[in-house]
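Dear colleague,

I am passing on a structure together with my notes on it. Please have a look at the model itself before you read on.

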Amino acid sequence: MKILVPVKRVVDYNVKVRVKSDGSGVELAGVKMAINPFDEISIEEAVRMKEAGIATEVVAVSCGTAAAQETLRAALAMGADRGILVETDIELQPLAVGKLLKAVVERESPQLVICGKQAIDDDANQTGQILAALMGWGQATFASKVVVDGAVIRVTREIDGGLETLELPLPAVVTADLRLNEPRYATLPNIMKAKKKPLDVLPAASLGVDISPRLRQGRHSEPPARKAGIKVADVADLIQKLRNDAKVI
Ligand code: AMP
């Protein structure tokens, strides 16, 4: 079984994001970028399936500028077998990524696509769902457990009332939630090995899909500063404040 894992290059989660002074977007100049954390979880899950003999190949794919090659190398260092960069300088929105991924899926014919549940930059939480719809495949989002059983996949999801388990025929799209696994750190030898793994570059224009942006971003602004907290004198004071002053926001 071949598994395709889409990985996005995003601002590193440790970076304090700053809005550009003219409010036109987020400052990216000189900012540390990294693989989207949910995509690390997807790669980890796919690599574990390969180690367990369930998957035969793990292909990481990223859509974006040439700089996303670095993101693919991070996925290769974690154990993906090869990478595909769908290269474009056009700003990509989830619909465009979904269309590009569909074109890659049609070329690669994976049995399973594992996306992250969301990218931590735009928090869109749309791409996996769009890809499943475009392909006409089943989808199981926010997976906290994934079991492949022959031609079906059973996916456990954390929902408000507890756990829900879905059974889908393959091929299917799964999106990874935080508790699916704990991704491994890439070791130095594996980082070195990753430099030699195959990485194909496909110009997005060669895939024949319309990736022009459909959404226009309005103004960006910093969130309002939080008010300072208060100190309570003792437990009685705390209870009194919780009873009388605390408000559900
Ligand atoms: P989003 O819908 O933007 O929140 O992203 C959800 C997931 O879709 C991510 O975790 C990735 O697995 C995938 N994805 C989004 N954008 C890209 C991209 N430019 N290249 C590859 N995968 C992407």
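Below are the notes, beginning with the conventions and then moving to the ligand, a pocket, the record and the backbone.

This is a predicted model, in which local features need pLDDT of at least 70 and side-chain atom pairs count only at pLDDT 80 or more, while totals for chains, interfaces and linings use all residues. Residues are numbered from 1 along each chain as its sequence is written, and side-chain values use heavy atoms, with hydrogens and water left out.

The ligand is surrounded by 18 residues (a residue counts if one of its heavy atoms lies within 4 Å), and the closest of them are Asp 39, Ala 119, Asn 125, Gln 126 and Thr 127. Of the 490 Å² that the ligand exposes when taken alone, the protein buries 98% (Shrake-Rupley areas with a 1.4 Å probe). Strand 4 (57-64) and strand 6 (112-116) each give two or more residues to this shell, and strand 4 gives the most, with three; helices (H or I, at least four residues) and strands (E, at least two) are DSSP runs numbered from the N terminus. By class, the shell holds eight nonpolar, seven polar and three charged residues, where Ala, Val, Leu, Ile, Met, Phe, Trp, Tyr, Cys and Pro count as nonpolar, Asp, Glu, Lys and Arg as charged, and the others, Gly among them, as polar.

The second largest pocket contains about 640 Å³ of space; a pocket here is an open set of points, on a 1 Å grid over the protein atoms alone, where a 1.4 Å probe fits, with protein on both sides within 12 Å along at least five of seven lines, and lining residues have an atom within 4 Å of a point. Its lining comprises 25 residues, with Tyr 13, Ile 35, Glu 40, Arg 184 and Tyr 185 closest to the centre. Helix 2 gives the most to this lining, with five residues, and the lining has 15 nonpolar, three polar and seven charged residues.

An unreviewed UniProt entry lists residues 23-211 as "domain: Electron transfer flavoprotein alpha/beta-subunit N-terminal", although such annotations may be inferred rather than shown by experiment.

As for the backbone, a cis peptide bond, with omega about 0°, joins Leu 170 and Pro 171.

Best wishes

Methods. Grid points are joined across faces, edges and corners, and a volume is the space filled by probe spheres set on the points.
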